[in-house]
Amino acid sequence: MLSPGAHEHRVGLQNRLTSLRVVASVVFGALLVSFWLVQVVQNARYEEMADSNYLRTIPLPAPRGLVFDRESRVLVENRDSFSINLVRERSANLDRTIATLARVVGMDEAAIREIVARHKREPVFRPIPIVEHATEAQWAAVRARKFDLPEVVVQTVPTRTYLPGFAAHLFGYVGEIQDSQLDRPENSGIEAGAIVGQTGLERTYNTSLMGEDGHRNVVVNSVGREIGEPLGTTPPVEGKRVQLTIDYDLQRALEAAFKQSGFAGAGVFLDPTTGEILAATSLPAFDPNDFAVGIDPAKWADLNRDPLKPLENRLIRGLYSPGSTFKIMMAIAGLGEGVITPDTTVNCPGGGTFYNRFYQCHKKGGHGVVDLRHAIEQSCNTYFYTLGSKMDIDTIHRYGRMLGLVGKTGIDLPGENNSFVASREWKMRTTGQPWYPGETISVAIGQGPVDVTTISLATMIATVANGGTLITPHVLRAVDEDGRGWKLAPTPAPKSKLLIKPEHLQAVRDGLWLAVNSGIGTATRLRIDGRDVVGKTGTAQVISLEGARAARGKTDLDLRDNGWLIFFAPRDNPQIAGVVFGEHAEHGYSTAPIVKHVLETFFAKREGKPLPVLGAKPVPVTTIPGTTEPVRRDR
Amino acid sequence: MIVERRLSAHIDWPLIAAVLALTLIGLATIYSVSWDFRNNQPGARFWAQVYALPVALTALVVCLLIDYRSLAQRSLFVYIALIAALVYVMYFGVVRGGARRWISLGGFTLQPSEFARLGLALVLAMFYGESRRSARSPVELGIGAVLLAVPAYLIFKQPDLGTAATLVPVFFGVIYVAGLPLRWLAVASIVIVVASPVVWRYGLKDYQRDRVVTFLDPSKDPRGAGHQQIQAKVTVGSGGLFGKGFLQGTQGGYGFLPVADNDFVYSVLAEEHGFLGVLVTLGLYLFVLLRSLDAAKLAKDRVGAFLVVAIISGFGFQVVYNITMSAGLAPVKGLTLPLMSYGGSSLVATLAGFGLILNVRMRRFTN
């Protein structure tokens, strides 16, 4: 069989087979080294990459802390909001599912189809939200058909819930954190997408209220479906419970009475010795519940467009002329500087001439000879013009600061504006002109370059009520730090202490008492028998008299004057003080029914009596017989 | 035809054992990859592979029993039948995933291209071995090249570049052992080096160029082909020394590695059994290769030796390429890993091939 040359062939073949063995061995050796490098040398790197593929952390949002009133009644809580979702992979017949679901939740079939189409590209096991924040009826209807519609699942979302029409500006609202907020130091550790307080105390006390989100570690496959049991769960820690100084009953009374009055404006009632705010409002307001479920753009646009500015907290942001309420500050300043004594009298013939200009009093015939008490009682402009003519603007500014009318009060709500009383330095800085003494005359009755917030006037009247201590108004009473009960928050330290001689204080208080209780004072409508309510009205022009004449009939803007009421009770040993501001209320006394209702509620509560019921809205009257209450304005 | 006692005495049991071991390891890996986490049971692909195993073993036994020389003598018929099947596929084949590769046979499908290597191996072994020709003249090389080109082209058009490519080493394996002058090999190498820039510029389609670019820098295409390569490397690399354990692989099991039961089955093995698993399986594959080359050495005639080399060249090339690719070290190509990847036709054809190798060794003393 073997032919010549076959042997060489055979040898050649054997050599080449051997070379193939060598090649195979070398190649496999190289492969082994490569796998060693990838698997053992670089293992840590690839292990991390593999882990990040299949391990997911699913956040479990922490409910925000509940908010209570001073008697531990719940004001803000969290309820479950229901969203109705469709899981396509569980549906045998998507068309039929959509038709049934449309009938059950009362939606248009086409609308559902459109929502489903929008999520077409997502994995089929992922729930598609069909109805977010479903009504109870929708939710119940879906629950009832649980077995017909296994592909429809109801998920719960914890949602902040506020009492409707109750202290909206105090609470503020929550919303998803914005990019610009993420950088702020107080928001460190908060991740994008988190719900944080955007205004009000939700923002001030966001850190306490937020709690700590929990998380669930799960294994997912390449399309994101969870596989097997969670690897571990860290439950969320609910935010801390917060107790406010607010009294639910007083707040309720304030809201109801203010709404009945129909005015826009602000009001605050506080404890004049501590600065604890018992009730506070700003109207009109928004509904924080709308924000809790994610406000829809149309509603948000409406709120922003509304000429009455419901998003503006008038209590701490609105700046207005204090009008005659400023006379109280003037009286304290005049007495303190020795410019007047309680018995200093001024003759009011219906006005007075200062620096060659005649300044009118609001009472045409004049008040005659009045001392300080009666000047306050009847809000005599001539008396305070005279006082102003003897005082320096910087002194007035200094007293303004001592009584809380310059700068911020320091209330624990975000966005407070600075109150302002003119000074020489300010005039020079802004206009380059010196202060002319004639300008002080207007300032003395709270007109001209004086702009204050409602809350700052509250600190002023509280200072008069407590005898000179400039308190810091606040709404936080206590925090439940560790779930073991209320831990009282420290009362903010007084900002300053003004030494007022007792006889001076008494004179001012007497004047305020007369204004309410003499029968001929400007605040007569505040009178409550046996309660010794004291107070002072104020009316502030929105526009000058000349301007009003010029603008008459030419503008849609509301040019009616703003009305103030500042008050405390009882005269001796005051327990409650406050301010109510009525925008375009025309007179200070217009808001008196609001104040009376809240004060009556306060006293009834204190004595354990049934709370007063708000009566029908009184017929508006412009004058009260037997008083000289002004028809137009105080000056 | 009966296996005589003296024949059965020469059956290479260690080779059979190694081949079966690799097959079972592959089956176990498919079991793990196909695991259905929702129903906690192995998936359908696993059972399909299990059912293919007895068929493949039968093919092995049949290829062992028929004398390889009588098969080689009829190799032209086998070859023509193969071409016919490939042409049939071209027109009547079943389309899956954009490729026309399968013939439907009632309940299951057959992939003729998987058998192309065997047919080609037989006809080339016969052509160069029996006729005493050697691969030393251009004409002889040319005829061999045509025998290679016809099925390769038909498979390439399916399209299935990967499988078509595995025919090339079959041809080279045979002409190498048939005495291809080494000068020519050197010249060919130089030509390839010189020609490759030209081919790169004019011979390749854009997507083919992209594949190479992606291989060199997977981050250029992290979602497409680069994604597979990155995930393959992550799968292998995260296995470590001892692996994550059977059924504990996250890359294959959770679907992060595409076609994990098929082209990337070895990545999953490396993930679950680590470097030690790689060491064992690479050892088994090398053992299979060397043991087969032994069979070629022992073969009593050139036809037998060439047949073994032809089969083992295609096999070896595919194993090495797939394993390299499974670690993300070679461009991603649709090439399965013989013995381990999912695919019934592949398993049947591969075991049939080993039947022929065993056949050659067993009959080394017969006349």
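The structure is a predicted model, in which local features need pLDDT of at least 70 and side-chain atom pairs count only at pLDDT 80 or more, whereas totals for chains, interfaces and linings use all residues. Residues are numbered from 1 along each chain as its sequence is written, while chains are lettered from A and ligands numbered from 1 in the order in which they are written.

Strand β25(A) spans residues 576-583 and is mostly covered, with eight of its eight residues buried. Helices (H or I, at least four residues) and strands (E, at least two) are DSSP runs numbered from the N terminus. Two strands pair if DSSP finds at least two bridges between them. Strand β11 of chain A (residues 264-270) runs antiparallel to β25(A) and is joined to it by seven bridges; here A:Leu270 stands opposite A:Ala577. Seven bridges also link β25(A), in the antiparallel sense, to strand β24 of chain A (residues 562-569), where A:Phe568 has A:Ala577 as its bridge partner. The hairpin of β24(A) and β25(A) has six residues between the strands, and A:Asn573 takes a positive phi near 55°.

In chain B, the axes of helix α2 (residues 13-33) and helix α12 (residues 265-298) come within 10 Å and cross at roughly 160°; axes are lines fitted to C-alpha atoms, for helices over the stretch in contact, with angles from 0 to 180 degrees between N-to-C directions. The two helices are therefore roughly antiparallel (over 145 degrees; under 35 is roughly parallel, 65 to 115 roughly perpendicular and the rest oblique). Residues in contact (C-beta atoms, placed from the backbone, within 7 Å) include B:Leu15 and B:Ile25 of α2(B) and B:Leu269 and B:Tyr285 of α12(B). By class, this contact has 16 nonpolar, five polar and two charged residues (Ala, Val, Leu, Ile, Met, Phe, Trp, Tyr, Cys and Pro count as nonpolar, Asp, Glu, Lys and Arg as charged, and the others, Gly among them, as polar).

Between the chains, 36 residues of chain B are in contact with 33 residues of chain A. On the side of chain B that touches chain A, α12(B) gives the most, with twelve residues.

How values were computed:
A residue is buried if 20 or more other C-beta atoms lie within 10 Å of its own, exposed if 12 or fewer, and partly exposed in between; C-beta atoms are placed from the backbone. Two residues are in contact if their C-beta atoms, placed from the backbone, lie within 7 Å.
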